[in-house]
Amino acid sequence: MKIIAQIGITDQEWEKLRPTIESSNIFPTKIFSGTPSHGTLGLVQFRLPVDDERYILLKKEMVEKGIRNNEKKEIRFDPQEIEEAEYSILFQKSMWGYPQPEDDYQNESYDLSSGCQRCRQGLKQNKPFMLSGKPKFGRNDITALFWIYESIITEKLKDLIENEGLTGAEFWPVLRYRKTGQRLPIPGIYQLYVRGELPPVSPKTQFEWVSDLPKEIQSCGCNIIGRNLPAAQLVYDRVSLRDAKDFNRTFEFIGGGPGSQQWKVVSNRVYRLFKKNAIRGADFRPIVIND
Ligand SMILES: [Zn+2]
């Protein structure tokens, strides 16, 4: 596992760091050239593992010289780590469309008595989603909806999961949205609905709390959303996984703001099924289990 930092600085700041950068063999990964006539600055980005000496050196220098930078971290796993993980988070690599009607989908597809009654976060879905049409999958068999990140899968993937006897997955129809008239299932696609929730994660999970949530959510105090996990793993105590199925939901809503969702924690069997059948469109991020 590696945590990679992507650091963005303006080309002016880059000049201030140039001696260190050139002597340390750091190569920028992307350069946007600015348009001086429009008053825009160029942007330089580079990526370094956070345990790399050059990263530590550069961070120190940026602090000393007061250089503003935009830093994003991401976590990377070796194929072998994913292969060996007992449980992983399942992410979709692509997204398509959003639930309909776009200004009222919660009313149509969620249990409004669930979640926090003050800030309205943490709602649970209780009816199928409606879409404006059939998602474009390309060569993928799984995709996600914008805003809510729930998984939509092809019939092929549904059949594979069913035939393998994996537990914890339900296949809900996805309906074609019509303002009036019948809302019929869109053929050939399903929502991969996961009902079962795991117990809360171990307190060892290093969530980052988001500080710029909308005021009404921030001040609510229910703390349902606001957890971000850009570059750390979920940690579970072994006992919390005692009743885990192949597909599970986290108890927590994770993701940094409105649009936080309960992540899907899936077993190694899910990973192997996807791999064996060369299913595209999914990413697996191992979790940590405390024995
Ligand atoms: Zn609340």
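Student: Which residue takes a positive phi just after H2?

Tutor: Gly66, where phi is about 65°. The model is predicted: local features need pLDDT of at least 70 and side-chain atom pairs count only at pLDDT 80 or more, while totals for chains, interfaces and linings use all residues. Residues are numbered from 1 along each chain as its sequence is written.

Student: And H2 itself, how many residues?

Tutor: Helix H2 covers residues 53–64, which is 12 residues. Helices are DSSP runs of H or I with at least four residues, strands are runs of E with at least two, and both are numbered from the N terminus.

Student: How many helices and strands are there in the protein?

Tutor: Seven helices and 19 strands. The C-alpha trace spans about 65 × 45 × 40 Å along its principal axes.

Student: What does the domain assignment give?

Tutor: Domain 1 is 2–76 and domain 2 is 80–290, with bounds that come from an automatic or database domain assignment. Taken over C-alpha atoms, the centres of the two domains are 34 Å apart.

Student: Is Asn25 buried or exposed?

Tutor: Asn25 is exposed, because 7 other C-beta atoms lie within 10 Å. Arg120 has 16 such atoms within 10 Å, so it is partly exposed. The cut-offs are 20 or more other C-beta atoms within 10 Å for buried, 12 or fewer for exposed, and partly exposed in between, with C-beta atoms placed from the backbone. On that count, 26% of the 291 residues are buried.

Student: Changing topic. Where is the cis peptide bond?

Tutor: From Gln100 to Pro101, with omega near -15°. Pro101 is in the loop between S5 and helix H4 (105–109).

Student: S5 is in a sheet, then. In what order do the four strands of the open sheet run?

Tutor: The order is S16-S17-S5-S18, and the pairing is antiparallel; two strands pair if DSSP finds at least two bridges between them. Strand S16 (247–254) and S18 are the edge strands, each pairing on one side only. Neighbouring strands in this sheet are turned by 40° against each other on average, direction ignored.

Student: How many bridges between S5 and S18?

Tutor: Five, with S5 at residues 87–92. Ile89 has Arg285 as its bridge partner in S18, and Leu90 stands opposite Phe284. Four of the five residues of S18 (282–286) are buried.

Student: What lies across S5, S16, S17 and S18?

Tutor: Helix H7 (residues 268–276), which runs at about 80° to strand S17 (261–267). Axes are lines fitted to C-alpha atoms, for helices over the stretch in contact, and angles go from 0 to 180 degrees between N-to-C directions.

Student: What about Asn268, which helix is it found in?

Tutor: Asn268 is in H7. It counts as partly exposed because it has 17 C-beta neighbours inside 10 Å. Asn268 and Glu86 are 182 residues apart in sequence, but their C-alpha atoms are 5.1 Å apart. Leaving out residues up to four places away in sequence, Asn268 touches Ala85 and Glu86, where contact means C-beta atoms, placed from the backbone, within 7 Å.

Student: Which residues touch the most other members of the largest nonpolar core?

Tutor: Ile153, Val174, Val265, Val266 and Val270, in a core of 33 residues. A nonpolar core is a set of buried Ala, Val, Leu, Ile, Met, Phe, Trp, Tyr and Cys residues joined through C-beta atoms within 7 Å. Strand S12 (residues 185–194) gives the most to this core, four residues. A second, separate core has nine residues, among them Ile9, Leu17, Ile21 and Val44.

Student: And what is Val266 in contact with?

Tutor: Neighbours within four places aside, the contacts of Val266 are Tyr87, Ser88, Leu90, Asp246, Phe247 and Tyr271.

Student: S12 came up. Which five strands form an open sheet with S12?

Tutor: The order is S8-S11-S12-S10-S9, with mixed pairing. Strand S8 (130–131) and strand S9 (142–144) are its edge strands. Helix H5 (residues 155–164) packs on this sheet, touching S9, S10, strand S11 (169–176) and S12, and its direction makes about 90° with that of S10.

Methods
Expected span 1.5 Å × (residues − 1). Contact = placed C-beta atoms within 7 Å.
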